[in-house]
Amino acid sequence: MKKLLLLFSFLCLASSGFGQKILTGRILDGDTQQPIQGVNITVKGGTERATLSDIKGKFSLRTENNSNILVVEIEDYEPLKIKLNTNSQNLTILLTSSNEDSNGLRSVGFHNSKMLPKRKDLPTFYAKVMD
């Protein structure tokens with residue numbers, strides 16, 4: 001009985017990986033050939049999965065054989081849709097800069113703060129009610 005259970009669990013694990021492959025690649029700027037970090041990569045069709053590119057522009061994503069569209073998006077670049085085939089494994093993707101004019105407006109965030117004094121170091125104020 002133990003052997004039968006062991007065989008059944010092995011078959012379940014083996015079948016869960018069947019029909020899947022790992023899609024790897026690198027995202028580069030089309031003009032400078034520099035890697036782009038933080039690119040959103042989504043596989044559409046079948047089970048939808050997504051990941052982000054790392055600091056070297058590299059990504060890795062488990063896909064199913066019925067996945068057929070790769071969507072690559074990041075701000076300031078043109079979004080890209082790539083049709084995948086069964087031989088797609090290690091991709092090099094070049095993104096082109098977006099020509100959209102945002103009227104010179106750019107969202108930039110920063111935070112400048114000082115350490116607040118400890119509670120005992122705060123000045124104490126007294127008030128007296130006058131009639």
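Colleague: What is the relative accessible area of D76?

Modeller: This is a predicted model. Buried means under 20%, and exposed means over 50%. D76 is in between, so it counts as partly exposed. Its relative accessible area is 39%.

Colleague: Which loop holds D76?

Modeller: D76 is not a glycine, yet its phi is positive, near 75°. Look for D76 in the loop between strand 5 (69-73) and strand 6.

Colleague: What is the phi of Q33?

Modeller: Q33 sits in the loop between strand 1 and strand 2. Q33 is partly exposed, with a relative accessible area of 43%. Q33 is not a glycine, but its phi is positive, at about 65°.

Colleague: Which strands are the edge strands of the open sheet?

Modeller: Four strands form this sheet, in the order 3-2-5-6, with antiparallel pairing. An edge strand pairs on one side only. That gives strand 3 (49-52) and strand 6 (80-83).

Colleague: Which residue is the bridge partner of I41 in strand 3?

Modeller: Strand 2 covers residues 40-44. Strand 2 pairs with strand 3 in the antiparallel sense, over four bridges. In strand 3, the partner of I41 is T51.

Colleague: How many bridges join strand 1 to strand 7?

Modeller: Strand 1 (residues 20-29) pairs with strand 4 (residues 58-64) in the antiparallel sense, over seven bridges. Strand 7 (residues 90-95) runs parallel to strand 1. T24 stands opposite N90 in strand 7. The number of bridges joining strand 1 to strand 7 is six.

Notes: Residues numbered from 1 in each chain as written. Predicted model: local features only at pLDDT ≥ 70, side-chain atom pairs only at ≥ 80, totals over all residues. Heavy atoms only, no water. Pairing = 2+ DSSP bridges. Helix = DSSP H or I, 4+ residues; strand = E, 2+ residues; numbered from the N terminus. Buried < 20%, exposed > 50% of the residue type's maximum accessible area, 1.4 Å probe, protein only.
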